[in-house]
Amino acid sequence: MRLSTSWMYQQSLSTMLSQQSALAATQNEVSTGNRINLASDDPAGAGQVVSLNHVIAANEQYSNSIDTANTRLNTEASTLSSVNSVLDNARTLALQAVNGTLSASDRNSIASQLSQMRDQLLQLANTTDSNGNALFAGTSTTKTPFQSDANGVVTYGGNDAQQRSAVGAGLQVASSDPGSGLFMTIPMGNGTFEASAGSANTGTLVVGSNSVTDLNAWNSAASSSGGGYTITFGTGGTWSATDANGNAVLDSSGNPVTGTYTDGGSISFNGMTMAMSGTPAAGDTVSVTSGGQQDIFSTLTNMINALQSGSATDTQLTNVMSRQIESIDQTQSAISSVQVSIGGRLDTLQQQQGAYQDLSVTYKSALSDVQGADAYTAISNLSLQQTALQASQQMFAQVKSMSLFNYLK
């Protein structure tokens with residue numbers, strides 16, 4: 001068997017190239033810390049790596065979405081707390097304003113403060129998040145939701161939808177609340193009905209707190225009357241009631257509902273009770289309406305106008321302020337309900353974020369097990385391969401120098 005010089009060269013070169021390729025792969029393994037850098041390194045393992053990387057990336061996206069929703073909801077919660085503080089101050093001023101000893105200058109001063117509070121509320125209602133998107137515009141986040149005209153009339157340009165953030169597979173959490181329900185469509189009165197003294201009254205009757213005391217009786221009567229009534233006073237505090245159609249309100253026996261009111265007493269029928277004070281004049285009225293709504297900006301405007309009106313009597317001013325205080329209370333009730341909801345949503349986000357943090361550790365550990373290289377083994381292999389390559393190179397250098405001519409010298 002003859003071994004040609006060409007064949008020996010080719011064999012040596014092939015061996016060294018193979019060793020260099022293995023050495024390069026090991027060097028890459030040591031430098032990256034990964035056993036699998038190419039699908040050809042381990043096809044089955046590479047498939048697991050792709051799958052685990054996909055899951056980890058999805059979890060990171062959900063975590064980022066949770067962070068964004070957290071920031072937005074915390075901003076909303078902080079803003080609503082500021083709104084509540086403004087409304088507390090407005091309520092305090094309204095109570096101060098019904099003091100009969102105040103001068104016209106004092107009332108104008110209170111009106112000026114309320115005007116500033118109305119502007120502050122408008123600014124808070126137009127709060128934006130860290131990305132410049134309106135918090136209370138529903139899903140119309142690129143527009144300023146609340147606009148005021150020269151007369152202080154505020155209109156809402158957003159919608160009634162909630163922005164939602166995907167925080168898991170099939171799980172979405174509302175990351176905003178529309179301003180319509182928080183600032184605009186506020187139920188009047190006690191939330192079910194509003195009782196208000198007639199604007200033309202000449203007595204000193206003031207309508208105080210009122211409530212539904214028998215919901216079944218209220219609902220039963222409201223289905224036929226529409227929840228609207230007019231109470232008319234006669235001499236000596238006597239009163240009678242008619243429904244929205246002008247028909248006399250009847251009791252369970254079919255008799256007209258009537259009575260006699262005394263200062264500091266109350267009037268009750270059809271499941272509702274209205275506390276009152278003062279003395280009505282003959283012909284004075286109290287109206288009961290249900291289903292009415294009033295935005296909080298109009299509430300403050302009504303207070304301002306009443307204080308700035310030089311013709312309003314103390315009784316009229318007290319009645320106006322009492323109704324607006326009810327509106328403030330209803331607004332704060334709506335805000336409180338949303339704040340509770342925000343707290344629940346933040347708790348959900350916190351739990352989801354904690355779950356993703358735990359899953360991230362688990363998945364990254366699994367990825368390391370599949371893809372990661374054993375550092376000690378890799379470094380040992382690298383040393384052995386470097387030695388083997390150097391030996392092959394030295395051997396080749398010696399072999400190529402072997403020639404018949406070296407012996408013929």
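## The largest pocket

The lining of the largest pocket comprises six nonpolar, 15 polar and two charged residues; here Ala, Val, Leu, Ile, Met, Phe, Trp, Tyr, Cys and Pro count as nonpolar, Asp, Glu, Lys and Arg as charged, and the others, Gly among them, as polar. The model is predicted: local features need pLDDT of at least 70, side-chain atom pairs count only at pLDDT 80 or more, and totals for chains, interfaces and linings use all residues. Residues are numbered from 1 along each chain as its sequence is written, and side-chain values use heavy atoms, with hydrogens and water left out.

In total, 23 residues line the largest pocket, and Ala 197, Ser 199, Gln 316, Asn 319 and Val 320 lie nearest its centre. The space in this pocket is about 370 Å³. A pocket is an open set of points on a 1 Å grid over the protein atoms alone, where a 1.4 Å probe fits and protein lies on both sides within 12 Å along at least five of seven lines; lining residues have an atom within 4 Å of a point. Grid points are joined across faces, edges and corners, and the volume is the space filled by probe spheres set on the points.

Both β6 (193-197) and α7 (314-371) supply at least two residues of this lining. The most comes from α7, with seven residues.

## The chain as a whole

The protein chain contains nine helices and 14 strands, which are DSSP runs numbered from the N terminus (helices: H or I, at least four residues; strands: E, at least two). Of its 409 residues, 38% count as buried, where buried means under 20% relative accessible area, exposed over 50%, and partly exposed in between (1.4 Å probe, protein chains only).

The chain exposes about 21,400 Å², and carbon and sulfur atoms supply 50% of that area; accessible areas come from the Shrake-Rupley method with a 1.4 Å probe, and for residues only the protein chains shown count as cover. Among contacts (heavy atoms within 4.5 Å) between residues at least 6 apart in sequence, 68% join residues at least 24 apart.

## Salt bridges

Side chains of opposite charge can pair when their charged atoms come close. A salt bridge is a side-chain nitrogen of Lys or Arg within 4 Å of a carboxyl oxygen of Asp or Glu, and by this rule the count comes to five. One of them joins Arg 72 to Asp 129, with the closest N and O atoms 2.3 Å apart. Arg 72 lies in helix α2 (residues 43-97) and Asp 129 in the loop between α3 (104-125) and β1 (146-148), so this pair ties together parts that are 57 residues apart in sequence. Arg 72 is buried at 6% relative accessibility, and Asp 129 is buried at 13%.

Another salt bridge is formed by Arg 91 and Asp 329, whose closest N and O atoms are 2.8 Å apart. This pair links distant parts of the chain, with Arg 91 in helix α2 and Asp 329 in helix α7, 238 residues apart. Arg 91 is partly exposed at 28% relative accessibility, and Asp 329 is partly exposed at 30%. The side chains of Asp 314 and Arg 107 also meet in a salt bridge (2.7 Å, N to O). Asp 314 in helix α7 and Arg 107 in helix α3 are 207 residues apart. Asp 314 is partly exposed at 39% relative accessibility, whereas Arg 107 is buried at 12%.
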